[in-house]
Amino acid sequence: MQFNNFPLSPPRASNFAQEYDAIFYALVGLTAFFTLVVGVAVIFFAIRYKKGTRADRSRPMYENLFLELTWTIVPLVIGLVMFYFGTSLYVKMRTPPKNATEVFVIGKQWMWHVQHGNGVRENNTLHVPVGVPIKLTMISQDVLHAFYIPAFRVQEHVVPGRYTQLWFTPTEIGEYHLFCNMYCGTQHSEMGGKVVVMSQKEFASWLSEGGQSSAPLSMEQAGAKIYNKVGCNNCHGAEDTLRAPSLYGIYNKRRTFADGTSLIADEEYMRSSILRPYDHITSGYGQTMPIYEGQVTEEDVLNLVAYIKVLGTPTAPSPTSNVNRKSASATALGTNDATSLATNAVQANTDDPDASPTRRAGSPAVGAVAAEGRNR
Amino acid sequence: MSSPAITKGELKNQPQNEEVNYLNVEHTISSWLLTGDHKRIAMLYLVSASFFFFLGSIAAGLIRFELTSPAGVVLESETYNKIFSAHGIIMIFQFLVPAIPAILGNFLLPLMIGARDLAFPRLNLASWYMFMVGGALILIGMIGGGVDTGWTFYTPYSSMYSNTQVTLVLVGIFISGFSSITTGINFVATIHKMRAPGMTWFRLPLFVWAMYSTSLLMILGTPVVAITLLLVVFERLFKLPIFSPELGGDPVLFQHLFWFYSHPAVYIMILPAFGIISELIANFSRKRIFGYHFVAFSSIAIAGLGFLVWGHHMFISSQSMYESIVFSLISFLVAVPSAIKIFNWTTTMYKGNIRLQSPMIYAIGFLGIFTVGGLTGLFLGGTGTDVHLTATYFVVAHFHYVMVGGTLLGFLGGLHYWWPKMTGRLYNDGIAKVNAVIVFIGFNLTFFPQFILGWMGMPRRYHYYYFAPEFQAYHIMSTLGSSVLGFGLILPAFYLTMSLINGKKSGPNPWGAHGLEWETASPPPTSNFLETPIVLDEVYDFDPVSEHEQDMKDLDKWESTTDHQSFPTEDHH
């Protein structure tokens, strides 16, 4: 519970934040002032001129051109002044400097792919160096998304079929929220992650080491990615369900089938069960699994088989389960320290680089899910 | 023009027996469902729109409940998305847009201008049927699978990706939209052609001016959104390439077409409330509205400029920078007529003879809330400031300040004000006053924390925020406030219904108000006026000075004999 925690402003971490906040607070002042003027006047009149009070009501006023012009021109002038400041900030936000470092972003339901100029890729996380102007060139693979970094005060839609741009210069080292802020379907609220602002030196070494997160995947890791991507995880979880048997620890075990025959679950059995599941239906289950023949490449199948072989052992990358996610995040909340964000920029990026879209990279939930997987 | 359906019995009874009114003239169900009487149609709208409001409120309650915990409470994301979509769609298309025009406007417009009915009574009834058929389709869609696009139906999600009941709901909104168009046509024709002798344009009550502006917006804007939604349906069903880039369309085009209607729709919702507030402030201050012409023309100015600002919803949509700047400039101009209204209402109270009865409490609450709602619009109308705030809870708070704090408070104030006229009964004004305060407090407690949430960067339409637990405290505050607000919205259903059972008879003019509607019986007879009224003076023809002198004379008598919680008799003119 965070009841002692009523933050009143977002962190200020980009070149736009200071100017933005100045305009914002000026508008807050303006709003407070006029609300007070109207509020005080209304309450004062309501009390003073309440029916039955002995107030002076002589010479009532019904028209007054001077007053009307006053409250036509004053709001107009204030409006034009605010228009000027707002527009001048907007023009800056829409005009990236020529020397900006380019980073490319692809949005898709429900994750962000980021690609740096030297080929380093990351998901749901954006690493940037402090003090360097960064220009994002963005496109969506499916529906509308919006790339939103509150601490930087920047946001832009990510549109299918056309590039959009966003630029900023990070000014404070730290970790900040990254949100998708254009409703994009079921898991819209979980499409996001973090922006990591590093010192220029650390960023340079991060980038030259291939961003750690883009290290070549082991076959098991690649298999885990496909397992989640093609949806195996939706039915085959840690335990048998009505829909599907668990695949944990089935390697080299004997499987009994609906027609009474049985086989040892070797690599060949796994491959044929993925591509043509109805050749051998495990006893007790119906014909519910989709046929993957033609849907996945042989390379995918190899990786999947490698992954299924280690499923349920401590070395396995954890699968993402839609059932686990919520409880995991709830667990994470209990242990989450509100200050963990915006600190610790140097922390190595140990996130699963190809985390399934159902999981926020870098959120405490990831660790919790992994721990849960290992405990089984 | 045309005459309402008058039965033989009514013609015979009416002159001898003034107790016969539009409510008791006939009692059969078909006499309600086939009526041409604008007052009965208004009551049909009152019952049906209240039903939709109830459904929309349940959805709102579920949303607030779900957001008390960062990882959700009971719902799956899929369900949550359907529920916030249902909340928006029902509240906007089936309550906020029709509420004031179709309920209070329908009832009052002919009464206020001294007409026997609207210009096209059967078209008026047809409007209600279109509203109900549209509403039924929307509900069928929501029960039979729901719709998860949000009320904005942004493409290509709505046209190509969502596998929910989008088509059915869009067709429902399309049909319901035509009820707006026909109501608008009816109002414009009535105001132009059916004013009583002597009812010149500048003697019209400001509520009628507001209805006129609203009608123009409905007639000009609704067809655009109707066609746009139909195009989405065509793209869904026939893969007609309009909005989806996969087919060769442009997703941003949808936003232009949608907001071309939906921004004016904001004014369709708020202008009628402006009209009500003008009536309430003038009548409860016993004073002619200050700057009548400015207030009247500011409605027209808002309606006109309202068509030229749609692009301020799209500053970060990839539209051209120069386009955004022009839209921003025009948006700041709309602030001016809104400010004119606020200041004129406030000044009207100066040297008035103010009755603090329940409708006036709502009006005062409206002034405070709408001022905040309007001024926070400056944050969003400015291009640079909008970039960070758009689509966050700041926007949610802003438009609820305008839509709930403005339209709903205006509607409640108007309903309390004209309830005795509509039903002939007085409700308990003491409870009503307390309720107005409850609504005000509950409203601010619900929506003010959302401004801070948005400023902090909390995106709207988020089911989970476990990755940002710093938002939770404000969400809990907001949810607590919403239960107070919910209580304040349920209570009127009870005391207003009670007034029908045991309320005192109101008589024609319980408030001592001015306006033609108060010169006929409460409830009015089917033909509204037994003889055509002739208008000889200005609408808010109060004299606070002499009334005050009379008050002073009556003061002792008033304090010793009258129960302050009930309506004072206004017999000292």
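**Strands, burial and packing**

Me: Which residue does A:His145 stand opposite in β7(A)?
Reply: A:His145 stands opposite A:Val158. Bear in mind that the model is predicted: local features need pLDDT of at least 70, side-chain atom pairs count only at pLDDT 80 or more, and totals for chains, interfaces and linings use all residues. Residues are numbered from 1 along each chain as its sequence is written, while chains are lettered from A and ligands numbered from 1 in the order in which they are written.

Me: What makes β6(A) and β7(A) a pair?
Reply: Two strands pair if DSSP finds at least two bridges between them. Strand β6 (residues 145-149) of chain A and β7(A) have five bridges, in the antiparallel sense. Five meets the limit of at least two, so they pair.

Me: What makes a stretch a strand or a helix?
Reply: Both are DSSP runs, numbered from the N terminus. A helix is a run of H or I with at least four residues, and a strand is a run of E with at least two. Chain A has eight helices and twelve strands.

Me: Which strands form the sheet that holds β7(A), and in what order?
Reply: The order is β4-β10-β9-β6-β7 in chain A, an open sheet of five strands with mixed pairing.

Me: Why are β4 and β7 called edge strands?
Reply: Each of them pairs on one side only. From one strand to the next, the twist averages 20°.

Me: Which strands pair with β10(A), and in which sense?
Reply: Strand β4 (residues 125-129) of chain A pairs with β10(A) in the parallel sense, over five bridges. There, A:His127 has A:Val196 as its bridge partner. Strand β9 (residues 174-180) of chain A runs antiparallel to β10(A), with six bridges. A:His177 stands opposite A:Lys194.

Me: What holds paired strands together?
Reply: Strands of a sheet pair through backbone hydrogen bonds, either parallel or antiparallel.

Me: How do you know that strand β10 of chain A is largely enclosed?
Reply: Count its buried residues. A residue is buried if 20 or more other C-beta atoms lie within 10 Å of its own, exposed if 12 or fewer, and partly exposed in between, with C-beta atoms placed from the backbone. In β10 (residues 192-198), seven of the seven residues are buried, so the rest of the structure largely encloses this strand. Across the 376 residues of chain A, 41% count as buried.

Me: Why is B:Phe467 called buried?
Reply: B:Phe467 has 26 other C-beta atoms within 10 Å. The limit is 20 or more, so B:Phe467 is buried. B:Phe467 lies in the loop between α15 (429-456) and α16 (472-502) of chain B.

Me: Buried, exposed or partly exposed: which is B:Phe51, and why?
Reply: B:Phe51 has 15 C-beta neighbours inside 10 Å. That falls between 12 and 20, so B:Phe51 counts as partly exposed. B:Phe51 belongs to helix α3 (residues 38-66) of chain B.

Me: Why are α2(A) and α11(B) called roughly antiparallel?
Reply: Helix α2 (residues 65-93) of chain A packs against α11(B) at an angle of about 150°, and the axes are 9 Å apart. Axes are lines fitted to C-alpha atoms, for helices over the stretch in contact, and angles run from 0 to 180 degrees between N-to-C directions. Under 35 degrees is roughly parallel, over 145 roughly antiparallel, 65 to 115 roughly perpendicular, and the rest oblique. About 150° is over 145, so these helices are roughly antiparallel.

Me: How many nonpolar, polar and charged residues does this contact have?
Reply: The contact of α2(A) with α11(B) has 18 nonpolar, seven polar and no charged residues. Ala, Val, Leu, Ile, Met, Phe, Trp, Tyr, Cys and Pro count as nonpolar; Asp, Glu, Lys and Arg as charged; the others, Gly among them, as polar.

Me: How many residues are in contact between chains B and A?
Reply: 83 residues of chain B are in contact with 89 residues of chain A. Contact needs C-beta atoms, placed from the backbone, within 7 Å. Helix α11 (residues 321-349) gives the largest share of chain B's side, 15 residues. That side has 49 nonpolar, 26 polar and eight charged residues.

Note on methods. Two residues are in contact if their C-beta atoms, placed from the backbone, lie within 7 Å.
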